[in-house]
Amino acid sequence: MFGSIACGAVYGLIMRGLIRIQELHPNSLTSISFIWVMSVAFIMVVPFAMGYIAVGMNARSAPVSWVRRIFLPWPAVLLSLFGCLIVAWEGTICLAMVAPIALLFGTLGGITAGVLLRPQQPRTATFSMVVVVVLPFLVWPLEARLTHTQDIRNVESDVLIHASPETIWANIERVRSIDASELPTSWNRKVGFPRPIEATLSHEGIGGVRHATFAGDVLFIETIDVWEPRRRLGFSIHADTSKIPATTLDEHVTVGGEYFDVLHGEYILEPAGTGTIRLRLISNHRVSTDFNWYARLWTEAVMRDVQQSILYVIQRRCEADATSTVK
């Protein structure tokens with residue numbers, strides 16, 4: 001059993017290693033008809049093959065229970081992902097995003113092997129595993145004929161604030177430096193996403209430029225295109241990718257990169273009863289992968305978590321300002 005798990009994990013590491021060689025040396029022989037990390041062939045088919053190998057090696061000699069068909073691929077997938085982290089082929093953020101779908105397709109591979117393979121036919125089992133090993137190379141040429149589809153997504157968050165529109169406006173047009181202790185607990189920062197720090201404003205009105213800074217030298221340049229004091233504040237967003245260190249965000253999840261970008265943001269203030277304002281924060285972002293149906297689950301979750309953290313800080317600051325004014 002342990003040998004089959006190791007074989008599945010090693011296969012996954014070899015596949016990622018070959019892609020790493022291609023990333024470092026684009027003109028090498030491995031770049032010919034080879035797969036990329038952000039592809040269905042790698043994200044889904046490779047884990048499927050890992051699960052098939054882990055279960056298939058056992059199914060050649062004895063029937064495999066359903067429990068093992070489902071869960072035996074998991075150690076192989078997790079060991080492979082951990083190995084990628086250890087040798088710095090992937091960052092924590094990428095692995096956190098890939099792990100759920102990799103485990104799912106690993107299980108599908110394990111179930112497929114358990115259902116199809118029989119101990120009485122060891123040669124057939126071996127041949128099928130060889131086919132599965134090369135399956136990513138068969139899928140990739142078909143996938144490569146397709147271009148990345150662009151999916152524009154909107155994410156909205158809101159919060160009720162017991163403060164005047166003037167107080168809220170003063171806290172959103174500019175956001176003074178945020179101490180880490182002001183932020184709520186956030187899952188996205190635990191896996192490596194940088195925390196918000198501050199937002200400055202060059203001048204009031206349309207055309208004004210906000211510099212929204214996040215930890216790790218992540219900078220968003222936001223140009224005001226909607227300016228309705230105490231009502232609406234909208235801005236287009238451009239990520240200054242030239243200054244983002246490679247150690248801050250994994251290349252596959254870099255904002256403003258090939259696969260993901262944030263395009264627009266808007267604050268809207270709406271009366272919600274006596275002395276209460278509903279503050280809405282709406283963002284617009286792009287996802288461009290071969291598996292947007294999965295990637296957008298993560299991008300929307302991350303954007304919503306970031307927005308809720310920012311709104312939390314604004315709410316507490318505004319209500320503290322309102323309380324001190326009353327006193």
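This is a predicted model: local features need pLDDT of at least 70, side-chain atom pairs count only at pLDDT 80 or more; totals for chains, interfaces and linings use all residues.
Q: Which residues make the contact between α1 and α2?

A: On the side of α1, the contact is made by S4, C7, G8, A9, Y11, G12, M15, R16 and I19. On the side of α2, F42, V46, A49, M50, I53, A54, M57 and N58 take part.

Q: Is the crossing of α1 and α2 left-handed or right-handed?

A: The crossing of these two helices is right-handed.

Q: What describes a pair of aromatic rings?

A: Such a pair is described by the distance of the ring centres and the angle of the planes. A search of the whole structure finds seven aromatic pairs. In the pair formed by W293 and Y294, the ring centres are 5.9 Å apart and the planes lie at 65°, so the pair is edge-to-face; the cut-off for that class is over 60 degrees.

Q: Which arginines lie over the face of an aromatic ring?

A: R69 lies over the face of W66, at 4.6 Å from the ring centre. R210 lies over the face of F235, at 5.0 Å from the ring centre.

Q: Where does E198 lie, and which residues does E198 touch?

A: E198 lies in strand β2 (residues 196-201) and is partly exposed, with a relative accessible area of 32%. Leaving aside residues up to four places away in sequence, E198 touches V175, R176, S177, H211, A212 and T213. The C-alpha atoms of E198 and I152 are separated by 26 Å, the two residues being 46 residues apart along the chain.

Q: How many helices and strands does the protein chain have?

A: The protein chain has nine helices and seven strands. Of its 327 residues, 50% count as buried. The C-alpha atoms fill a box of roughly 85 × 45 × 30 Å, taken along the principal axes. Among contacts with a separation of 6 or more, residues 24 or more positions apart account for 68%.

Key: Residues are numbered from 1 along each chain as its sequence is written. Side-chain values use heavy atoms; hydrogens and water are left out. Rings of Phe, Tyr and Trp (its six-membered ring) pair if their centres lie within 6.5 Å; planes under 30 degrees apart count as stacked, over 60 as edge-to-face and the rest as tilted. A charge sits over a ring if NZ of Lys or CZ of Arg is within 6 Å of the ring centre and within 35 degrees of the ring normal. A crossing is left-handed if the near helix is turned anticlockwise from the far one by less than a right angle, and right-handed if clockwise. Helices (H or I, at least four residues) and strands (E, at least two) are DSSP runs, numbered from the N terminus. Contact means heavy atoms within 4.5 Å. Buried means under 20% relative accessible area, exposed over 50%, partly exposed in between (1.4 Å probe, protein chains only).
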